[in-house]
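Biologist: I would like to learn how to read helix packing, sheet order and salt bridges in a model of this kind. Could we take the features in turn, with the general idea ahead of each case?

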Amino acid sequence: MNIKNSMGHIYYRFMDEKAYIDNIFSFIQSGIENNQQILIIENMRNLPKVQAFIDSSFKENKNSSIRLVNNYEYYLSKGDFSTQNIVSHFAKDLSYLNDCKSTIRTWAHVEWSSSKPTEELVKEFECVADDFVKDSKILSVCAYPSARLNSNLNLALEEFHQYVMTDSTLSLSSIYRNL
């Protein structure tokens with residue numbers, strides 16, 4: 001799916017791993033075509049696939065527009081959903097990209113340890129993230145595996161993202177808190 005937006009906060013609830021990888025590749029391709037800086041926060045299992053796609057698809061001068069980061073540092077190194085840790089890492093990684101005058105797009109594969117985060121913890125984190133994305137005027141995708149979500153977490157995520165994406169659709173969230 002080609003995301004043409006230049007700003008916004010997108011909740012991506014994915015089900016199919018192949019569609020997920022295809023969508024991240026499309027996201028990177030679209031960012032390069034629009035001369036954007038790209039931050040990809042991904043797990044160790046998918047980082048080699050993303051790196052191989054980048055290496056085979058773009059000239060070296062375009063590769064410098066893309067920053068790949070292990071999502072463990074964001075979501076698990078200080079405990080599940082440590083909002084302060086996540087925002088600190090996000091701001092630091094964005095600072096590497098802010099040297100240019102081009103816009104920024106980010107993709108974050110959000111994961112947690114075996115215990116599921118509470119709805120309140122997710123709301124706290126996504127509220128801060130949503131404000132940060134709006135203030136920074138960036139495009140940011142937060143990708144969550146649907147198999148790990150319950151209905152309360154799903155609703156909380158829709159509440160704090162302007163857009164909702166699935167493996168094949170993108171639409172406005174009908175319950176976004178800032179409508």
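Modeller: Two packed helices are described by the angle between their axes and the distance between the axes. In this predicted model, the axes of H6 and H7 come within 9 Å and cross at roughly 15°. Since angles under 35 degrees count as roughly parallel, H6 and H7 are therefore roughly parallel to each other, and their crossing is right-handed.

Biologist: Which residues of H6 and H7 meet?

Modeller: From H6 the contact involves Glu119, Val122, Lys123 and Glu126, and these meet Asn152, Leu153, Ala156, Leu157 and Glu159 of H7.

Biologist: How does H5 cross H6, and within what distance do their axes come?

Modeller: The axes of helix H5 (residues 83-97) and H6 come within 10 Å and cross at roughly 25°, which makes H5 roughly parallel to H6. Here, too, the helices pass in a right-handed crossing. On the H5 side the contact is made by Thr83, Ile86, Val87, Phe90, Ala91 and Leu94, and on the H6 side by Glu124, Phe125, Val128 and Phe132.

Biologist: Turning to the sheet, what is the order of the strands?

Modeller: Strands of a sheet pair through backbone hydrogen bonds, either parallel or antiparallel. In this case an open sheet of seven strands has the order S3-S2-S4-S5-S1-S6-S7, with mixed pairing. The edge strands, each of which pairs on one side only, are strand S3 (66-70) and strand S7 (170-172), and the twist averages 20° from one strand to the next.

Biologist: Do let us look at one pair in detail: how many bridges join S4 to S5, and do the strands run parallel or antiparallel?

Modeller: Strand S4 (residues 104-109) and strand S5 (residues 139-145) run parallel and are joined by five bridges; Arg105, for example, has Leu139 in S5 as its bridge partner. Helix H6 (residues 119-136) packs on the sheet, where it touches strand S1 (8-14) and S5, and the direction of H6 makes about 135° with that of S1.

Biologist: How many salt bridges are there, and which partner does Arg13 meet?

Modeller: The count comes to nine salt bridges. In one of them the side chains of Glu158 and Arg13 meet, at 3.1 Å from N to O. With Glu158 in helix H7 (residues 151-159) and Arg13 in strand S1, the pair ties together parts that are 145 residues apart in sequence. Glu158 is buried, with a relative accessible area of 15%, whereas Arg13 is partly exposed at 22%.

Biologist: And where do Lys134 and Asp130 lie, and by how much are they separated?

Modeller: Lys134 and Asp130 are four residues apart in helix H6, so about one helical turn separates them, and their side chains meet in a salt bridge with an N to O distance of 3.8 Å. Lys134 counts as partly exposed, at 36% relative accessibility, while Asp130 is buried, with a relative accessible area of 0%. Salt bridges that share partners join Asp130, Asp131, Lys134 and Arg177 into one network.

How values were computed. Residues numbered from 1 in each chain as written. Predicted model: local features only at pLDDT ≥ 70, side-chain atom pairs only at ≥ 80, totals over all residues. Heavy atoms only, no water. Pairing = 2+ DSSP bridges. Helix = DSSP H or I, 4+ residues; strand = E, 2+ residues; numbered from the N terminus. Axes fitted to C-alpha atoms, helices over the stretch in contact; angles between N-to-C directions. Contact = heavy atoms within 4.5 Å. Salt bridge = Lys/Arg side-chain N within 4 Å of Asp/Glu carboxyl O. Buried < 20%, exposed > 50% of the residue type's maximum accessible area, 1.4 Å probe, protein only. Parallel < 35°, antiparallel > 145°, perpendicular 65-115°, else oblique. Left-handed = near helix turned anticlockwise from the far one by under 90°.
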